[in-house]
Amino acid sequence: MTSVVLSIGSNIGDRLAHLQSVLDGLGEAVTAVSPVYETDAWGGVDQQPFLNAVVLARDPDLDPHGWLRRAHELEAAAHRVRDVRWGPRTLDVDLVTCPGPDGDTVVDDRVLTLPHPYAHVRAFVLIPWQAADPGATLTVAGRTRPVADHLLDVDAGERAGVRETPLVLHRRNGR
């Protein structure tokens, strides 16, 4: 496994700098990045809005569990604390999927579930992902559909709550 789709978000401190730290940490592995969006917090915890983006990356040395370790390293570097489920955080790095030549890799063990079990219902994941990769697909319950189709199934109000910003994340290789 070499590819990954990461959903990144921050709502504490310098939100943009926290997101940028992911691209800086992944370096040349980054193959695409979405625009930056501001979104209302999801999950019922009262908190500030998030900045969200999606990053596509490739590394021949990482399998899904390697990507998860890398995500946790990036969160730790941003001093991520996991006190409240769906609560405020400096940096959240979620693995959405690890696409392969034969479709999405399926993992379901005690530490990792892929594809991400809620990605298909989260506008803050789907909208940036579609922007970064308009032809992307996601497998849910054994059925592969375009991300654009999953997005149509998300409540219009939630889709409207994902607002593109003028902020930009910069890839290390300048693209």
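**Figure 1. Buried residues of helix H3.** Ala123, Phe124, Val125, Leu126, Ile127, Pro128, Trp129 and Ala132 are the buried residues of helix H3. The model shown here and in the other views is predicted. H3 covers residues 123-132, and eight of its 10 residues are buried, which leaves the helix mostly covered. Across the whole protein chain, buried residues make up 47% of the 175 residues.

**Figure 2. The salt bridge between arginine 15 and glutamate 38.** Arginine 15 and glutamate 38 form a salt bridge in which the closest N and O atoms are 2.9 Å apart. Arginine 15 belongs to helix H1 (residues 15-26) and glutamate 38 to strand E3 (residues 37-39), so the pair ties together parts that are 23 residues apart in sequence. Glutamate 38 has a relative accessibility of 22% and counts as partly exposed. Arginine 15 is likewise partly exposed, at 22% relative accessibility.

**Figure 3. The salt bridge between aspartate 40 and arginine 163.** The side chains of aspartate 40 and arginine 163 meet in a salt bridge with an N to O distance of 3.3 Å. Aspartate 40 sits in the loop between E3 and strand E4 (50-58), while arginine 163 is part of strand E12 (residues 162-164); the pair therefore ties together parts that are 123 residues apart in sequence. Arginine 163 has a relative accessible area of 31% and is partly exposed.

Figure 4. Salt bridges link Arg15, Glu38, Asp40 and Arg163 in a network. By the rule applied here, the count of salt bridges comes to six.

Figure 5. Arginine 70 and glutamate 73 are joined through their side chains by a salt bridge of 2.9 Å, N to O. Both residues lie in helix H2 (residues 64-77), three residues apart, which is about one turn of the helix. Arginine 70 is partly exposed, having a relative accessible area of 22%. Glutamate 73 is also partly exposed, with a value of 46%.

**Figure 6. The hairpin of strands E10 and E11.** Strand E10 (residues 137-140) and strand E11 (residues 143-146) run antiparallel and are joined by four bridges. One of the partners is proline 146 in E11, which is bridged to threonine 137. Two residues lie between the strands of this hairpin, and alanine 141 takes a positive phi near 55°.

**Figure 7. The whole protein chain, for orientation.** The secondary structure comes to five helices and 12 strands. The radius of gyration is 15 Å, close to the 16 Å that the globule rule gives for 175 residues, so the protein chain is as compact as a globular protein of that length. The C-alpha trace spans about 40 × 35 × 35 Å along its principal axes. Of the contacts between residues at least 6 apart in sequence, 68% join residues at least 24 apart. The accessible surface of the protein chain is about 8,700 Å², and carbon and sulfur atoms account for 51% of that surface.

Definitions and conventions:
Residues numbered from 1 in each chain as written. Predicted model: local features only at pLDDT ≥ 70, side-chain atom pairs only at ≥ 80, totals over all residues. Heavy atoms only, no water. Pairing = 2+ DSSP bridges. Salt bridge = Lys/Arg side-chain N within 4 Å of Asp/Glu carboxyl O. Buried < 20%, exposed > 50% of the residue type's maximum accessible area, 1.4 Å probe, protein only. Rg over C-alpha atoms; globule rule 2.2 N^0.38 Å. Contact = heavy atoms within 4.5 Å. Areas by Shrake-Rupley, 256 points an atom, 1.4 Å probe, with all protein chains shown as cover.
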